[in-house]
Amino acid sequence: MHENKIETNQSLWYPPGGILIWMIVLVEVLTFCLGIGSLVYDKSKDLTAFTDMQSHLNKSFAFWNTVFLLTSGFCIATAVHYKTKNNPKFFTILLLTSIVFGYAFLFLKFYEFREKWLLGFGLETSQFFSYYWLLTGFHYLHVVVGVIILWIIYLSRKTISFDNLEAGAVFWHMCDLIWLLLYPALYLIQ
């Protein structure tokens, strides 16, 4: 029985997925950190107004979205592991599970966006809601792109190179990381 070996670049200096994806991650994380830093600075100048607006956010939705993204991230990481073990069945199941949890995040976040919009909390409502819409909206677009990447991985699951698989997983984990910065900054810290 011939075992297929996954070709990986094992160099200590070569990051998983390649250097380009890590440059993208660095730029994206820095961009979000600057936005969050600006939010924190403006919040420190008018704590009462920000806290009042923050009270209109749905912390339960944000909690469940955190669970959805982290579960999805765990599934894609485990899928990559099963790909290295040449187990296509578990790789495919976990990849699809990751996609489903990505959709769950998008659905619940869209429902939250719709709720805020119908209640009249738009981009111009307050400085807090300007940050809310810009930061979460930009993150939402990243998750949409991430789900598309996961679908591309699924559609090419039999022929995808390991570097491309890792690059897609790294992008998806970047979405997790950014949400883990946004969640406390927008929903929890008062």
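**Salt bridges, annotated spans and a nonpolar patch**

Glu 112 and Lys 109 are both buried (buried is under 20% relative accessible area, exposed over 50%, and partly exposed in between, with a 1.4 Å probe and protein chains only). The structure is a predicted model, in which local features need pLDDT of at least 70 and side-chain atom pairs count only at pLDDT 80 or more, while totals for chains, interfaces and linings use all residues. Residues are numbered from 1 along each chain as its sequence is written, and side-chain values use heavy atoms, with hydrogens and water left out.

The side chains of Glu 112 and Lys 109 form a salt bridge with an N to O distance of 2.7 Å; a salt bridge is defined as a side-chain nitrogen of Lys or Arg within 4 Å of a carboxyl oxygen of Asp or Glu. Both residues belong to helix H4 (residues 88-118), where a spacing of three residues corresponds to about one turn of the helix. Helices (H or I, at least four residues) and strands (E, at least two) are DSSP runs, numbered from the N terminus.

By this rule, three salt bridges are counted. Another of them joins Lys 45 to Asp 42, with the closest N and O atoms 3.6 Å apart. Lys 45 and Asp 42 are likewise three residues apart, about one turn of the helix, in helix H1 (residues 19-45). Lys 45 is exposed at a relative accessible area of 56%, whereas Asp 42 is buried at 10%. A salt bridge also links Glu 115 and Lys 116, whose closest N and O atoms are 2.9 Å apart. Here Glu 115 is partly exposed at 25% relative accessibility, and Lys 116 is buried at 1%.

The unreviewed UniProt entry annotates residues 20-41, 61-80, 92-111, 131-155 and 167-189 as "transmembrane region"; positions follow the numbering used here, feature names are shortened, and annotations may be inferred rather than shown by experiment. Residues 20-41 are 100% helix and 0% strand, with 32 Å between the end C-alpha atoms. For residues 167-189, the content is 96% helix and 0% strand, and the end C-alpha atoms are 32 Å apart.

A nonpolar surface patch consists of Ile 19, Leu 20, Trp 22, Met 23 and Ile 24, with about 490 Å² of accessible area together. Patches comprise residues with over 30% relative accessible area and no salt bridge, joining like charges within 9 Å and nonpolar side chains (Val, Leu, Ile, Met, Phe, Trp, Tyr) within 5 Å; areas come from the Shrake-Rupley method with a 1.4 Å probe, and for residues only the protein chains shown count as cover. Trp 22 lies in helix H1 and is partly exposed at a relative accessible area of 35%.
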